Amino acid sequence: MGSLQLQEITISYGGKPIIEKLSLDVGDGELFSLLGPSGVGKTTLLKTIAGLIPPKSGTIFINGIDVTKIPAEKRDAVLIFQQPLLFPFLDVGDNIGFGLKMSRVGRNETEQRVKSILALTGLQGLKDRKVHQLSGGQQQRVALARGLVLEPSILLLDEPFSNLDAELRLRMRELIQEVQRQTGTTMLFVTHDQVEALSISHRVCLLLGGTVRQTGSPEELFNRPVDREVASFFGCDNLIAGAIKNNCFASKYLSCQINLKDCKRCFASIRPEDIILSPAELQGGIPAKILDIRFEGSTSRINVVTGGQTFTVLSKRLKYHAGQNVWLQFPLERLHFITEFCKV
Amino acid sequence: MKLARWLLTCSILLSIALPFIPLALWSFSERWFYPALLPQDMGLRAWKYIFDTAGSQIFSGLLNSAILAFTTTMVSLIFGIPAGRALGLYDFPGKKLVVIIFTLPLIVPPLTVSMGLHFWFIKLSFAETFPGIVLIHLTFCLPYTIFVIMGVFTDYDPDFEDQARSLGASALTILFQIVFPLIRPGIIIAALFSFLLSWSQYLGTLIIGGGKILTLPILLFSLMLSGDRPVAAAVSLIFIFPVFIVLMYSAHNLGRHGNRGIR
């Protein structure tokens, strides 16, 4: 149990700032995801929170106490790396008990706690195995157990499933959620996989270009991005430029009533799966032409062009072909308005 | 299949033993002249000489060599592990130059190194002392240690240390309970190299020691020069024996350690 606050953290590496003035607030018992593309400094930030890299400026609070100057080994946060990093010269039980041994927990209690954590992570019967006798998924579970057993205020997870195959990753996500529900451990989970972040977290923070772009529930980030880059990160490049005047959004393709302040430049975004595509004429539809089609399994990604702008549509229908004339419709209730250029 | 295996084992054993057979024969010979294939007379004269007449001298030589080799090994590990780690893990300006400088004592003939340093050692009153000999042995042992350890650290993940720290381990604990176990095979090989190099070092010991400190190689050479071949052969065997045991033992252990993932 614990909370974490970051206040204007700046981290630089080799003179170059990687993270600039980042502030973050993770509540008690929360599963919080830090989402961002590779190389944005997520791992560096986690290492800073764990105490392995000193920040250039800013303050870190755990449970309201300033821990910025407290060394990693004494900090009440445990980092679980991308690789399992199990000590090859210790067996599974000793690996999990390593942290307890460091904090001088008695032998009986250690045994007890290791046993219960083995059960929690589904590793019963593997206590005496050597590390090299475990599969990749088991190794990662041991790494998770090794952190969990210490019952830290914050558990920091650095893309712990990225080296596993797709099916195993799904099972590990479920395990993390299950463990989080049962133990109530505050977890800060770093990932570049948006599906992973959206599916397991209570809240998600999107990190782009070294700064926080948007923090909120998975549903909020996905459906109501604050700016165009966030929208684009979640795969929504369908933006319709327009203006708002007298509670009315007007653009080349559509106009509708909305309850927003006047703004000369704003965007209506619509997700590719929300656009209605039809081979026959739709009432109030916009005529368009199919540029190309990419088959992706359950849906096809279709790029259509109309009035000089390209829209991406996800469609379940397979009978389209490139060059075909089609009709588009933007359901008004599916529109989201991005007002990053508007005065508040 | 069985026959092939048996043949292989025999040929390996034979190839290991072959160089020692003439030595053993010589040490037990009383009279062995050309063109006889085997000694004309066999006896224990050489061995009696070693254990009785020259017993104390041989024993002190053995002891000197062992202490010297052990000290040299320890010192080269103490300096070699941090240096090897720095060269293996980090990139810094002038790294290549440092590596070249470290290889110099291995490239330049030992005679040149010892002669050159002798002058300085006399000035610094290191000549004819135990620390002086350790220092001259280090010029050969330290580079080997550094290169072995450097090799180990190029294939080493420092995240293990960060992980241990995050789990609550102090710096000293990490060194002894994480780093050393992880690089154990490298340390053993480096120590072996260093020990063997120092154990068999003759020239450096002679020049810097000035014959004051009698190690086994020095005794061996003087016996060889005196022309008593049976005695020289017996001393050679004594000289090789401890090294052989250590080598076999560690090779056995290392093999087991290295193959743990396969078995």
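How many residues of chain A are in contact with chain B, and how many of chain B with chain A? I looked this up first, keeping in mind that this is a predicted model. I get 18 residues of chain A in contact with 15 residues of chain B.

Next I checked which elements of chain A sit on that side. β6 (77-80) and α2 (92-102) of chain A each put in at least two residues. The most comes from α2(A), with three residues. I also sorted the side of chain A that touches chain B by class: 12 nonpolar, four polar and two charged residues.

Then I moved on to helix α5 of chain A, residues 166-183.

Which residues of α5(A) are buried? I noted I176(A), V179(A) and Q180(A). These three lie on the same side of α5(A), because they cover an arc of only 100° around the axis.

Turned away from the buried side of α5(A) are the exposed residues E167(A), E174(A), R181(A) and Q182(A).

What do the buried residues of α5(A) pack against? My list for chain A reads β3 (31-35), α3 (107-120), α4 (136-148), β8 (186-191) and α6 (194-200).

Last entry: just after α5(A), I see G184(A) with a positive phi of about 70°.

How values were computed:
Residues numbered from 1 in each chain as written. Chains lettered and ligands numbered in written order. Predicted model: local features only at pLDDT ≥ 70, side-chain atom pairs only at ≥ 80, totals over all residues. Contact = placed C-beta atoms within 7 Å. Helix = DSSP H or I, 4+ residues; strand = E, 2+ residues; numbered from the N terminus. Nonpolar A, V, L, I, M, F, W, Y, C, P; charged D, E, K, R; others polar. Buried ≥ 20, exposed ≤ 12 C-beta atoms within 10 Å, placed from the backbone. Arc of directions from axis to C-beta.
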